[in-house]
Amino acid sequence: MLSVTNLMHRPGTSETFAEVVPAPADLGNALIGVPEGTDIDMNVRLESVVDGILVTGDAVVDVHGECSLCLDPIDYEMSADIQELFVFEKAPEGGPEDEVDEQYAVEGETLDLEPALRDAVILQLPFQPVCRETCQGLCSECGARLEENPGHHHEALDPRWSALQGLLGTGTEN
């Protein structure tokens, strides 16, 4: 929560906020995200406008997860841009259809940046992260790394021909 007492209803005034804050819980998806409690480097500018407080800036986070193909760990730093308007008063329920369903609001004389931060970070995370673009993943039959054994495959016999395997002996001859 940030205090915006100095900015309330004073269009044209602004403040900057540069601080390291702990990451909230569940900032990510099933395979990749920002671990809870890790440092988030926030650099934002709070600017008072007629309708509310405009928040612009970025947040630098450390992302941790696993590759969706080979399950290797993935760690990198990511910057998420934030640009949101926190309105002084929310739109009334049942307002015009063209209005945004979810508005950020100034609560009393404070703003809660967590929902805006969450939206900015999660939207930039990959839905199916990969450790590298050339990752071949694991064999779906036995779990072997396909990168280590490029010619790896399993002979798939059509089960409709299984009754004839006894005639051929072992079933692997042509």
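This is a predicted model: local features need pLDDT of at least 70, side-chain atom pairs count only at pLDDT 80 or more; totals for chains, interfaces and linings use all residues.
**Strand 5 and its surroundings**

A three-residue hairpin joins strand 5 to strand 6. Strand 5 and strand 6 run antiparallel and pair over eight bridges. Within this pairing, asparagine 43 has aspartate 58 of strand 6 as its bridge partner. Strand 5 also pairs with strand 2, which spans residues 14-22. Nine bridges join these two strands, again in the antiparallel sense. Here threonine 16 stands opposite arginine 45 of strand 5.

The side chains of strand 5 alternate between two faces. Ile40, Met42, Val44, Leu46 and Ser48 point to one face and are buried.

In soluble globular proteins, nonpolar side chains tend to be buried together.

Neighbours within four places in sequence were set aside. The remaining contacts of methionine 42 include Phe17, Ala18, Glu19 and Val21. Asp58 and Ala59 are also in contact with methionine 42. Ile82, Leu113 and Leu117 complete the list.

At the level of the whole protein chain, two helices and nine strands are found. Their order along the sequence is β-β-β-β-β-β-β-β-β-α-α. The protein chain has 174 residues, of which 27% are buried. Contacts between residues at least 6 apart in sequence were also classed by separation. Of these, 57% join residues at least 24 apart. The accessible surface of the protein chain is about 11,500 Å². Carbon and sulfur atoms account for 49% of that surface.

Nonpolar side chains also occur on the surface. Trp161, Leu164 and Leu167 form a nonpolar patch there. Together, these three residues have about 380 Å² of accessible area. Leucine 167 lies in helix 2, which covers residues 165-168. Leucine 167 counts as exposed because its relative accessibility is 71%, and the cut-off for exposed is over 50%.

How values were computed. Residues are numbered from 1 along each chain as its sequence is written. Side-chain values use heavy atoms; hydrogens and water are left out. Helices (H or I, at least four residues) and strands (E, at least two) are DSSP runs, numbered from the N terminus. Buried means under 20% relative accessible area, exposed over 50%, partly exposed in between (1.4 Å probe, protein chains only). Contact means heavy atoms within 4.5 Å. Accessible areas come from the Shrake-Rupley method with a 1.4 Å probe; for residues, only the protein chains shown count as cover. Patches are made of residues with over 30% relative accessible area and no salt bridge: like charges are joined within 9 Å, nonpolar side chains (Val, Leu, Ile, Met, Phe, Trp, Tyr) within 5 Å. A salt bridge is a side-chain nitrogen of Lys or Arg within 4 Å of a carboxyl oxygen of Asp or Glu. Two strands pair if DSSP finds at least two bridges between them.
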